[in-house]
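Work through the exercises below with the structure in view. Try each task before you read its solution.

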Amino acid sequence: MARENRIVLKNYGKIDPESIDDYISAGGYKAAGKALKWQPVEIIDEIVKSKLRGRGGAGFSTGLKKRFTHEAMHESGKKYLVCNADEGEPGTFKDRIIMENDPHRLIEGMIIAGYAIGAERAYIYIRGEYYKSVEMLQKAIDDARARGFLGSNIFGSSFLFDMEIRLGAGSYLCGEELTLIESLEGKRGYPRIKPPFPAEKGLDGLPTLVNNVETLSTIPTIVEKGAKWYTRLGTENSPGTKIFTISGDVNNPGFYEIELGVTLRELIYEFGGGMKKGKKLQSVLIGGAAGTFVDETVLDTPMGFDSLKEKGAVLGSGAVMVLGDDKSLPEVTKSILEFFKHESCGKCVPCRVGTTQLVNMINEYITNGKKKDDLLNQMVAEADFMAKTSLCPLGQSPILPLRSLQRYFADTF
Ligand SMILES: Cc1cc2nc3c(=O)[nH]c(=O)nc-3n(C[C@H](O)[C@H](O)[C@H](O)COP(=O)(O)O)c2cc1C
Ligand code: SF4
């Protein structure tokens, strides 16, 4: 039977998250003290060796991203670290759990990351509705500063580092790293065109590392226990643990930190407690709105970045929405497409018009009962065109759920 292996959530329920002394007694801030005695490149090498991949959705190598930002130079010599705590992906609530229950772990991960890339200043961009996360983190930042873990001469070194919280205003698109940076600069949440990537030219035009809350909160453990220890967890290409958030038609919805490689069957029937009474499994939406639907043929596939790709699916943020046989897949699809239409910033035509057309197409089918044999194929063609011509990743997202429906549920449409 698969078990939870809590690394990022190791202190969950065991310490008072408002007490810095509790965190220190549980071994907290030791990893930061250790890391600050290393050379920054040694930290980066260790994180590259750990094969940690970003937990915000894209799964890019965390170590390489740090290396790029470390190597990028600006005449001012300045760089920034940004923690992405926007957590806008539907069905995802893991970052909130970390921030509310162990805020010092995130701060510690940020101190190490900031030192590794050579940043003196960091921002935590939190979605505005996360009142409790903001409160807990602000207290933790104040307490860490009072103890000398933030500010100048941290841990007796010459390292100067501090951070502050900035609030998002409820835009899904502002979770996308370059749009987030625009928002941090006080501008409207419109995306920038990549390249340049943030590592090269980010906040205020300076090299900037953007990492997710869960990614940064994993770093203290990698420094403490080493990359070799970390790569023993999970699978070869997706080592470590992941916090999965399970919702929908299961008996025990919630969050579970489990080694990657766990199967959907284990997630649903062991951790999730099985299907709710009287319901049979129809589909699972993995990774939120910008995710993919799968059917029971994927139940025994190990959950990992590459293994899911082979099945036409994505791991994304780790959201697992379980849909029973009483749910209408066209209705669920409609709510996803309406979400994209609502969140489209309107800057470019293919996405502004395309998201509206997709909603109209599914509405014709559901509301007006107009049947089109090849409705799904038409929607996929539309979304494919959007993916090829839109300015930013939001317009490239509807193709993901639609193509997975075409692969697994063509008959249902
Ligand atoms: C539309 C959109 C929304 C996103 N929202 C989030 C978010 O809420 N939180 C997050 O960490 N990453 C989000 N991302 C991914 C970020 O752009 C970026 O890849 C991530 O913050 C990098 O951190 P990581 O390497 O630690 O995963 C979003 C991406 C897109 C395209
Ligand atoms: S793809 Fe959509 S969200 Fe992105 S810039 Fe274009 S309109 Fe805005």
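**Exercise 1.** Find how many residues surround ligand 1, and which are closest.

*Solution.* This is a predicted model. Start at the ligand. 23 residues surround ligand 1. The closest are G54, G56, G175, N212 and T215. Next, look for the main contributor. Strand 4, residues 208-212, gives the most to this shell, with three residues. Last, sort the shell by class. It divides into seven nonpolar, 10 polar and six charged residues.

**Exercise 2.** Determine how the axes of helix 14 and helix 15 are arranged.

*Solution.* Locate the pair. Helix 14 spans residues 349-366 and helix 15 spans residues 375-389. Their axes come within 10 Å and cross at roughly 170°. Angles over 145 degrees count as roughly antiparallel. Therefore helix 14 is roughly antiparallel to helix 15. Now list the contact. Helix 14 brings P350, C351, G354, Q357, L358, M361 and Y365. Helix 15 brings L375, Q378, M379, E382, A383, F385, M386 and T389. By class, the contact of helix 14 with helix 15 has 10 nonpolar, four polar and one charged residue.

**Exercise 3.** Describe the packing of helix 3 against helix 6: angle, handedness and contact residues.

*Solution.* Take the geometry to begin with. Helix 3 (residues 40-50) and helix 6 (residues 103-117) pack at an angle of about 115°. Their axes lie 7 Å apart. The crossing of helix 3 and helix 6 is left-handed. Then read off the contact. P40, I43 and I44 of helix 3 meet I112, Y115 and A116 of helix 6. Finally, classify these residues. The contact of helix 3 with helix 6 has six nonpolar residues, no polar and no charged ones.

Methods: Residues numbered from 1 in each chain as written. Chains lettered and ligands numbered in written order. Predicted model: local features only at pLDDT ≥ 70, side-chain atom pairs only at ≥ 80, totals over all residues. Axes fitted to C-alpha atoms, helices over the stretch in contact; angles between N-to-C directions. Helix = DSSP H or I, 4+ residues; strand = E, 2+ residues; numbered from the N terminus. Left-handed = near helix turned anticlockwise from the far one by under 90°. Contact = placed C-beta atoms within 7 Å. Nonpolar A, V, L, I, M, F, W, Y, C, P; charged D, E, K, R; others polar. Near = placed C-beta within 6 Å. Parallel < 35°, antiparallel > 145°, perpendicular 65-115°, else oblique.
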